[in-house]
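Subject: Structure for you to look at, with notes on its pockets

Dear colleague,

I am passing on the structure below, together with some notes on the ligand and the pockets. Could you read them alongside the model when you have a moment?

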Amino acid sequence: MIIELNKRQQHILEIVKDKGPITGEQIAEKLSLTRATLRPDLAILTMAGFLDARPRVGYFYTGKTGAQLLTEKIGKLTVKEYQSIPVVVNESASVYDAICTMFLEDVGTLFVVNRHSHLVGILSRKDLLRASMGKQELETMPVNIIMTRMPNITTCKPTDLLLDVAQMLINKQIDGLPVVHFKEGDNEVQMEVVGRVTKTSITKAFVDIATNKLV
Ligand code: ADP
């Protein structure tokens, strides 16, 4: 949670910085307020990471600035909190079908799967645009001849950090990653597509951070 502290919370922080460890009772006394009145403020300051509370010792200042706490929170965001529903096409689908799916589902990246629903490729807007520039028949051309294929696909897991994904999108200059579960196959590891994480997911996280929606 990123918090704008009110006057009283800032005052409490100053007191604890100066006198900590200090009990809630003592802070209340200094502010001429009751312990009950202070309880919500102390809870917020503790939850946000500015203060730490030790039983029978009291509150003390963690020494972390708002910026440090914000960095910690961002560094903990995971893919599963921001992933969206994946849109897939079968590897035998035509380029024409893929273009229709992209418009109908309103996504910029399609994941290509085989008949076992395992990830075999990926199609971006420009992959489809490039295929459309040739003179070939789009209705008969299967997507698997134009897609980016395994093992060249960058994937991520639901438990991965959103920050690492953002870094990969920048490094590889791509718009999104399939979120996958790994399944042990006969000879090789298979990937089942369970989600999609894109620049839009990262943008959502950015807005959540700026509007205090992170808990
Ligand atoms: P566009 O090509 O529409 O600008 P991208 O930047 O996402 O969209 O894709 C660039 C190229 O990288 C495309 O050829 C696409 O197939 C490929 N690509 C997209 N996402 C991935 C990924 N997660 N792993 C590997 N290649 C990808």
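In what follows, helices (H or I, at least four residues) and strands (E, at least two) are DSSP runs, numbered from the N terminus. With that numbering, strand S8 (189-198) and helix H9 (199-210) each supply at least two residues to the lining of the second largest pocket. Please keep in mind that this is a predicted model.

To stay with the second largest pocket for a moment, H9 provides the largest share of its lining, namely three residues. The lining comprises 13 residues, and those nearest the centre of this pocket are Val-107, Gly-108, Arg-196, Thr-198 and Thr-200. Sorted by class, this lining has two nonpolar, six polar and five charged residues, and the space in the second largest pocket comes to about 240 Å³.

Where does the ligand sit? It is found in the largest pocket, and the elements that contribute two or more residues to the shell around the ligand are strand S5 (119-124), helix H7 (125-133) and strand S7 (176-184). The ligand is surrounded by 15 residues, the closest being Ser-124, Asp-127, Thr-148, Thr-154 and Asp-175. Of the residues in this shell, five are nonpolar, six are polar and four are charged.

An N or O atom in the side chain of Ser-124 lies 2.7 Å from an oxygen atom of the ligand, while a polar backbone atom of Arg-125 lies 3.4 Å from an oxygen atom of the ligand. For Asp-175, a polar backbone atom is 2.9 Å from a ligand oxygen atom. On its own the ligand has 540 Å² of accessible area, and the protein covers 83% of this.

As for the largest pocket itself, its volume is about 370 Å³. Its lining is made up of 19 residues, and Ile-122, Ser-124, Asp-127, Ile-174 and Asp-175 are the ones nearest its centre. The elements that give two or more residues to this lining are S5, H7 and S7, with H7 giving the most, four residues. By class, the lining of the largest pocket divides into five nonpolar, eight polar and six charged residues.

With best wishes

Key. Residues numbered from 1 in each chain as written. Predicted model: local features only at pLDDT ≥ 70, side-chain atom pairs only at ≥ 80, totals over all residues. Heavy atoms only, no water. Near = heavy atom within 4 Å. Polar contact = N/O pair within 3.5 Å; in protein donor to acceptor, adjacent residues only side chain to side chain. Areas by Shrake-Rupley, 256 points an atom, 1.4 Å probe, with all protein chains shown as cover. 1 Å grid on protein atoms, 1.4 Å probe; cavity = no way out; pocket = protein on both sides within 12 Å on 5 of 7 lines; lining within 4 Å. Sits in = over half its atoms within 2 Å of the grid points. Nonpolar A, V, L, I, M, F, W, Y, C, P; charged D, E, K, R; others polar. Points joined across faces, edges and corners; volume = space filled by probe spheres on them.
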